[in-house]
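Please read these notes with the model open beside you.

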Amino acid sequence: MQPTRRKLLDYFARMEAHFGPTHWWPGETPFEIAIGAILTQNTAWTNVERAIAGLKARELLTADALIAAPLEVVEQAIRPSGYFRQKAVRIRNFSAHLLVHYAGRIEGMATRPLQELRAELLELKGIGPETADDILLYAVGQPVFVVDAYTRRIFSRHGLVPGSIKYEALRAVFERALPHEVPLFREYHGLIVYTGKDFCRKTPACAGCPLRALLPGGVPCAD
DNA sequence: GTCCAGGGCCTAC
DNA sequence: GTAGGCCATGGA
């Protein structure tokens, strides 16, 4: 049940033909991207934008500033993103780690061996597999394939992987089949997000989806 | 009013 | 090792 490189590149080509370049991920600096990765956990991006704006308005978008500010100020700044008490602690945990080990600069992470850095991020409370891989791919620029709910939904509905597949197994599917190129991994995940947002939760099922023709038996997918 | 979003942690079997 | 509860806001 391992899809070929050819097949996964066909999915990519069809999404790219439909959407064009996504330039995923939204964010002006590596630090902002990393914080956005934490804030978007189980949360719609529109709410994350408000939270990022709240941090910018208070000049809190650096590791130093996030640590120096009172916790309640950070909480209020990110309140629109939901789970604001948890996330305030999480972005401060991440900031503290960044300050202690990398002088507060994401760029400092780029010199570390990828697997060691990934394990290090996963040690931090509030950084799970998807958030770690978001940070690695989009903030640090390392070739890891980001898996999310849309990835599992789309590729299991297409019969390419089991619906019960775990995060690491699904990540391995893509990383085994595809060349480890950062631009490809970045765009591939961005296109999956676009496709999932626009088509997976709309009715009639799959109308207009660029992957529609690839569905097994041409049958629209549904929950 | 109800459902749920680009997760992750903790607890109980 | 895994299923279930919890965290919280805003839009559909």
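1. Helices (H or I, at least four residues) and strands (E, at least two) are DSSP runs, numbered from the N terminus. A residue is near a molecule or strand if its C-beta atom, placed from the backbone, lies within 6 Å of it. This is a predicted model, in which local features need pLDDT of at least 70, side-chain atom pairs count only at pLDDT 80 or more, and totals for chains, interfaces and linings use all residues. Residues are numbered from 1 along each chain as its sequence is written, while chains are lettered from A and ligands numbered from 1 in the order in which they are written.

2. DNA strand B has 23 residues around it, and Gln41, Asn42, Gly128, Thr131 and Ala149 come nearest. At least two residues of this surface come from each of α8 (129-140), α9 (149-157) and α11 (182-200). The largest share, four residues, belongs to α8.

3. Around DNA strand C lie residues including Asn42, Thr43, Arg79, Tyr83 and Arg85. Both α3 (45-57) and α6 (84-102) supply at least two residues of the surface near DNA strand C, and α6 gives the most, three.

4. Chain A is assigned domain 1 (5-23 + 146-217) and domain 2 (30-140); such bounds come from an automatic or database domain assignment. The domain centres, taken over C-alpha atoms, are 26 Å apart. Eight residues of domain 1 are in contact (C-beta atoms, placed from the backbone, within 7 Å) with six residues of domain 2. On the domain 1 side, α10 (167-177) and α11 each give two or more residues, with the largest share, three residues, from α11.

Conventions. Two residues are in contact if their C-beta atoms, placed from the backbone, lie within 7 Å.
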